Each structure stands twice: as C-alpha cells, then as structure tokens.
Amino acid sequence: MAKDKKVDETKPVKKADKKKKSKKNPFKSIAAFFKSTNAERKKIVWPTAKETVKNTIIVLVVTLIVGLAIYGVDSLLTVGMKGVKTLANNTTASAEADDTANPDDDLVEDGTNKDTSKKDTSKADSTNTSAPSKTSESKSQPAE
C-alpha cells in the first residue's frame with residue numbers, strides 16, 4: 001500500500017496546469033510557426049540548370065515510351081475488336097442465309113400449313129407485297 005501512495009503522489013495532476021497549457025499566447029505560436037518554416041526553407045537544395053535539363057529530358061523520354069506502349073496496345077485491341085465484329089457479322093449473315101433458304105417460311109406467319117403450292121405462294125406474294133417479312137419485323141419493332 002505504501003508503494004501505491006508513492007506512485008499517486010509522484011504523479012499529481014492539477015487542473016490549473018491544464019488550463020495554463022491550453023491558454024498559450026497565439027502570437028507566440030504564430031511566431032514559432034514562421035521561425036520553423038524559415039528554418040526548413042533554408043534547408044532546401046535547388047537543382048542546377050544541368051540537372052533540371054537532364055531531368056526534363058528523362059521525363060519526356062519516359063512519357064514518349066509509355067505513350068507509344070499505350071498506342072500499341074490500343075491498336076492491337078482495335079484490330080482484335082474489328083476481327084470479332086467481322087466474325088460476328090459473317091456468322092449472322094450465314095445464319096440469315098440459312099433462314100432465307102426457303103422463301104415459303106417467310107410467307108407463313110401463323111404457323112398453320114407450310115406445305116403450299118407454288119401457285120399459292122405467287123398469289124400470296126402478289127397480294128402481300130406491302131407486308132414485311134418476319135426477319136424485317138423483328139428488326140424494326142422494339143423489344144417488349
């Protein structure tokens with residue numbers, strides 16, 4: 001118990017000390033700030049003209065190299081995307097060619113009887129010239 005009292009007695013905390021520390025003179029604080037700022041400013045070492053030119057050239061060369069690398073990657077991706085689009089268009093065109101191989105399929109819209117004679121299809125063609133085919137309807141109408 002004696003040790004506990006010594007520890008408590010060695011570290012007394014007074015409220016008056018805290019108030020004195022919090023009420024510093026603001027002008028002294030500002031003056032100390034500018035003194036330390038001036039001391040740090042004096043420590044600055046400015047590069048020479050040769051060092052500045054050398055560093056500028058290095059920055060320009062690195063910027064040029066990185067720009068060329070980005071241009072190369074962009075060009076490769078552009079060529080790749082054009083190839084993918086061409087492949088997709090060829091695949092779509094061949095699928096449409098398969099759909100249009102039988103012209104009678106476009107005339108039958110209700111799915112009743114697909115086995116019509118050529119005379120019937122010619123009559124249907126002459127009477128339904130203003131009606132669009134299934135493939136053009138699906139492209140022109142918005143999805144619901």
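Glutamate 40 is partly exposed, with a relative accessible area of 47%, where partly exposed lies between buried, under 20% relative accessible area, and exposed, over 50%, with a 1.4 Å probe and protein chains only. Its side chain meets that of lysine 43 in a salt bridge at 3.3 Å, N to O, the term standing for a side-chain nitrogen of Lys or Arg within 4 Å of a carboxyl oxygen of Asp or Glu. The model is predicted, so local features need pLDDT of at least 70 and side-chain atom pairs count only at pLDDT 80 or more, while totals for chains, interfaces and linings use all residues. Residues are numbered from 1 along each chain as its sequence is written, and side-chain values use heavy atoms, with hydrogens and water left out.

**Polar and charged side chains**
- A search of the whole structure finds 1 salt bridge, and its lysine 43 is exposed, with a relative accessible area of 57%.
- Arginine 41, placed in helix H3, counts as exposed at 52% relative accessibility.
- The side chain of arginine 41 makes a polar contact with the side chain of asparagine 38 at 2.7 Å; such a contact is a pair of N or O atoms within 3.5 Å, where within protein one must be able to donate a hydrogen and the other to accept it, and residues adjacent in sequence count only if both atoms are side-chain atoms.

- Phenylalanine 34 lies in helix H3, residues 26-42, and counts as exposed at 53% relative accessibility.
- Phe27, Ile30, Phe33 and Phe34 form a nonpolar surface patch with about 490 Å² of accessible area together; patch residues have over 30% relative accessible area and no salt bridge, with nonpolar side chains (Val, Leu, Ile, Met, Phe, Trp, Tyr) joined within 5 Å and like charges within 9 Å.

**Whole protein**
- The protein has 7 helices and 0 strands, which are DSSP runs (H or I, at least four residues, for helices; E, at least two, for strands) numbered from the N terminus.
- Buried residues make up 2% of the 144 residues.

Conventions
Accessible areas come from the Shrake-Rupley method with a 1.4 Å probe; for residues, only the protein chains shown count as cover.
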